[in-house]
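Please look at the sequence and the 3D structure shown here, and keep both in view while reading the report that follows.

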Amino acid sequence: MASSVTRSTRSPVWDHFVKPLPGDKQTSCKICQKQFAYHGGTSNLMSHLKTAHPSALVKPEPKDSKGSKPLQTLDKFAVTRGPPTGKTCSVAKAETITQLLVNWVTTNMRPLNIVSDSGFRDVLEFVEPGYRIPSRKRIATIVRNRHTESKADLKKRLAEASATRILWA
């Protein structure tokens, strides 16, 4: 299945940058004429648009089939992340939130990758804007450590209970 659209031209950044000719290592922003290195990826170009020209990335509202009335979209109902608030979460509060998060994941058998879910992240960002959500790997490490500690504690309690039972027998 060959496509006439190449990988390098599918990105929406090319609406705002001059497409380089094959072999060119630079491109320029059509809005501010700033020059950027180009080596096949567009992440640096998208970053420029997000920081210098955020309004350039706003899509027009979809219209109904008659072209008159805007259609309702799901993003109207979603909580969106605004600009950084500058708020920080104390270390103690962050640790408490992380422990509660791990309790929730383990008690309710939630998948570890739930911390990567954008909706979940939006909720936590809204509730505690300064909290930095741990990665899935960090949550897995905490769960593993808790398991090891719980297992050792259970072995110790079983050994004590066994010794007590022998004394009473």
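## Aromatic pairs

Rings of Phe, Tyr and Trp (its six-membered ring) are taken as a pair if their centres lie within 6.5 Å, and planes under 30 degrees apart count as stacked, over 60 as edge-to-face and the rest as tilted; by this rule there are three aromatic pairs. Trp14 and Tyr38 make up an edge-to-face pair, with 5.4 Å from centre to centre and 85° between the planes. This pair links distant parts of the chain, 24 residues apart, since Trp14 sits in the segment before β1 (26-28) and Tyr38 in the loop between β2 (35-37) and α1 (43-52). Helices (H or I, at least four residues) and strands (E, at least two) are DSSP runs, numbered from the N terminus. Both Trp14 and Tyr38 are buried, where buried means under 20% relative accessible area, exposed over 50%, and partly exposed in between (1.4 Å probe, protein chains only).

Trp104 and Phe120 form a stacked pair, 5.7 Å centre to centre with 5° between the planes. Trp104 belongs to helix α2 (residues 91-107) and Phe120 to helix α3 (residues 118-127), so the pair ties together parts that are 16 residues apart in sequence. Trp104 counts as partly exposed because its relative accessibility is 28%, whereas Phe120, with a relative accessible area of 14%, is buried.

## How the model is read

This is a predicted model, in which local features need pLDDT of at least 70 and side-chain atom pairs count only at pLDDT 80 or more, while totals for chains, interfaces and linings use all residues. Residues are numbered from 1 along each chain as its sequence is written, and side-chain values use heavy atoms, with hydrogens and water left out.

## Nonpolar cores

A nonpolar core is a set of buried Ala, Val, Leu, Ile, Met, Phe, Trp, Tyr and Cys residues joined through side-chain atoms within 4.5 Å. The largest nonpolar core has 13 residues, and those with the most contacts inside it are Leu101, Val115, Phe120, Leu124, Tyr131, Ile133 and Ile139. At least two residues of this core come from each of α2, α3 and α4 (136-168), and α2 gives the most, with four residues. A second, separate core of eight residues includes Val13, Cys29, Tyr38 and Leu45.

## A buried histidine

His48 lies in helix α1 and counts as buried because its relative accessibility is 8%. Leaving aside residues up to four places away in sequence, His48 touches Phe17, Cys29, Cys32, Lys34, Phe36 and His53, a contact being heavy atoms within 4.5 Å.
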